[in-house]
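Hi,

Here is the structure I said I would pass on. My notes follow below it.

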Amino acid sequence: MVIGIDSSILLGYYQAKAGVPLSSGSSSGSSSATSSKVAPTPPWNTQETAQQASANVTSALAGHKIVDESAAQLDLPGASADYKKLFALYQGLGTLSDMANQIKAAGTSSIQKTELQKAFLKGMAEVSSYIGAASFDKIRVTQGETDASDKTKLTVPNQATEYDTPPLATSASDSVPAFEGDVQFDIQVTRLKQTFDVPIDLSAMPDQTRSIANVVNYINDQLKAAGVETRFGTVRTPGQPQKITAGSQTITLPAGSDQWGLKVTAGTGETVNFSAPQTAGAVYLAQQVGDPDPDHNSKTNDSTVSQQLLKFQTDTDTVPDPARIAGQANWVDGRVFANGLDSNVKTVHAQAVGPDGSVYMLADVDGTVDGQSIKGDQDVALLKYDAAGHLVYTRTLGASNSATGLSLAVSADGKVAIGGSVSGTLDGATNGALNSGVTGAYAGSADSFVTLFDNDGQEVWTQRRGASQDDQVNQVAFSADGNTVYVAGQTKSAMPGGGAAQGDWDGYIEAFATSATGKATTVFTQGFGTSGADKPKGLVVDGDTVTVASNENGHAVLRQFDVSGETPVQTNTRDLGDLEGGDIVGLALDSNGQLVVGGTSGNPQLAVDTVTSAASGGLDAFAARISADLNASATDRLAYYGGSGADKATAMAVSDGQVWLAGAAGADLPDGQAPVGTQDGFLANLDVDAGTVDWSRRFTGTSGKAAPTAIAVAPQGASVLDRLGLPTGTLNFDATQQITAVSSVRAGDQFTVSSNGGAPQTVTIDATDTLDTLALKIRRASGFTADVQVTASADGGHQLTIKPVTNNAVLQFGAGKGDTDALGGLGIPVGVVRATTTTAGGKTVAADGKPNIYGLSLPTDLNLSSDDQVGHALAELASAQDVIRQAYKDLVAAATPKSQQPAASGASGSSSSSVPAYMTAQISNYQAALDRLTGGSSSSGGSADSTLSLFGITG
């Protein structure tokens, strides 16, 4: 027989979907039931149509409000105003989602996308303002997160006292190849201004195996005899399983052997320095390896591209040639190590060796590196390594949008200057703000920046200089005394104070002096160039003379300026000729007083009279020595380097009279260096005067691809210490505790703290702030209602832990204005920190006895600037709407009389017996009807048991 459908059960079904509890007002034996409505019907009960979504987008583009309480209709008279506010907010988020869906729809033009992005950002600001101003009666809503306590994601490392070398052996008791032969080095330990010299000569060991354990014992005997606390030890690296791919299968191999290295533990108050009696030349190279698209399918993300730091020993007259380290791929004779960099390091633009033997690297990063998050899409990182390739510190610039680092220089006393381009806010200045405020087409242009660090890696000053259009710093250099930083850059329009624009890209030079108080002042700005594209690629400062090498409209041109007066005066120019598709990679002053310019040229007859090594065809690398005054001289020399293919120099360094070129190799190279991969790199020591190659290596990398990007030379940088994984010089531990040094947070960045709904108090980061001083600032800003402690972090450093002092305290953290927000860099989420308690029903509620707080966890920086950002925005908006639905359900539950609330399973008055057969049959018919009504998409999944569960019936 056919069982009729009870309309009250259908009504109950839809009430259950809407989160409205069912009425229990039916009488026993009655075929119908009544239900009293306790809440208005929410907007999500009705599926939005395509026409409605389009109308929402059109309204937003027309500038109408997207959060409109008057448009939020309530179908229950006298309902709480909280519902209207929740519905208006829900619909506003829905409109934002409609815009995000529209921008990714097929056929949306670039102009439409721009307008949608603008409307979306305006809508996000409107949502933030509405949430901040809305006053609810029975709930509390915050745009950010809610938590019982916060821990900053930023951790400040403890002062290190231990140094671990790379693995040297697979056994602690077997002979170690690195210890064999003539192994001598010196340890100097300084304590209380007294230095203890501890010579180590492994030939003086007792007649025993030179195992890592025996060598450690021998070294410690010498340290103990010298009366110092510093000791050596061993560090074990457990063997790890390895995965290999064979066809379509991934095979996991058993774990390999454990590996052992040396550990140096500095004694209390002791500084440890290493040196060796015999040294050799060394070259550090940064390179990119791997294939960006191995399967030649742009839709797959299978890139193997990564960055490496390499070290080569370039002579073996006094130091034995370094042996190959087991497990290192693509090794070539003379390579000491090839260390992979952080996966978020995308490009290394420059390198330099400091006076202490450290290696400085300037790189672009697009994510967290060395524990430091970045604010925008890309930032600049200054990385300092010791001579053994051990990372000492990382300093990020802290750009709010994007930055690129293009050049670095190290002064004789260890200061470091970096330069490049930046867009977005930096130190409170935005694009064009230094040029009387640029709006319109050039509002998003990039500006030049220069940053100076002291010899401890602390930022001294940052200067941002902006023309109305794009400009950038290409080269930086120090004066002899290290007090003035010179830059050479390029600009698309006139630089402030630099004279009129010449056309297309122009070159410019600039200088910044550092005062006794550490402030920077602009000494001069001077533009130069032609009507074509001019790009400075090399800079030399020699007293009051500044020389710039530029690619000017395709020619290699050197210009010289006298900077002794207030305004630079150009004194000479030399055009070396058309590069014919090549470029300049560097300019240096040789020890004999000549200038050396290097690069790539397709022109076999550059304008230097004496060619000591002829071009080979196609593109070749080259280096030219010319007179320092730029006048043609009988001592000028030019040497090309390359084979029959295209050989491109990408970096040049000059040290102790030696000229080093690195770059991309073509089909063949001099001395019969045949290809080893599909895209090889080369490193060559070129004797320009003789036209010979004194030392060279050709090499490849992952997937047969290697592309050197930066080079630095240390004339005495290699020694037996390289075999041991120990650095030349002082064991360098980054001692800074300053927040601005160990994060992307900059001095002047801000956030707000309010307590118990009071007025937000602004916390501003100072350059010298540490976790301790920041903790005190937060306590004060909260009126001492916040308990802020410096606690140990999981990675061995320290972080802040924030919680309310009492259950009645509610702390609200807000982002700083615009791009000066500090919360992201600190890792403190926007939102509320409050104490919680658990009710008898197992629900977590605010412990202050006031309405519960609902955190939407809605980021303030959502945008539609890319496909990834659109997807991210849609996910975050949907998540926030889920929170609103939960708040609605909780309001409904609180408004529903107990007599109408469904009994919990197993509670008094509920049945725990089996569901009668007739009821199961009836529910099955109801389910079939519901499936026809909903197109088979009812949430019950089509079973009688699941349908029963909608009504709180269990069996």
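**Helix α8 and beyond**

On one side of α8, Asp772 and Arg780 are exposed (over 50% relative accessible area, with a 1.4 Å probe and protein chains only; buried is under 20%, and partly exposed lies in between). Before I go on: this is a predicted model, so local features need pLDDT of at least 70, side-chain atom pairs count only at pLDDT 80 or more, and totals for chains, interfaces and linings use all residues. Residues are numbered from 1 along each chain as its sequence is written, and side-chain values use heavy atoms, without hydrogens and water.

Back to α8 (residues 771-781), where Leu771, Leu774, Ala775, Ile778 and Ala781 are the buried residues. They sit on the same side of the helix because their arc around the axis is only 130°, taken from the directions from the axis to the C-beta atoms. Gly783 follows α8 and has a positive phi, near 70°. Helices here are DSSP runs of H or I, at least four residues, and strands are runs of E, at least two, numbered from the N terminus.

Next, α3 (residues 81-103) and α10 (residues 867-895): their axes come within 10 Å and cross at roughly 160° (lines fitted to C-alpha atoms over the stretch in contact, angles from 0 to 180 degrees between N-to-C directions). That makes the two helices roughly antiparallel, the label for angles over 145 degrees.

Finally, β23-β24-β25-β26 is the order of an open, antiparallel sheet of four strands, where pairing takes at least two DSSP bridges. Seven bridges join β23 to β24, and Ala477 stands opposite Tyr486 in β24.

Cheers

Key
Parallel < 35°, antiparallel > 145°, perpendicular 65-115°, else oblique.
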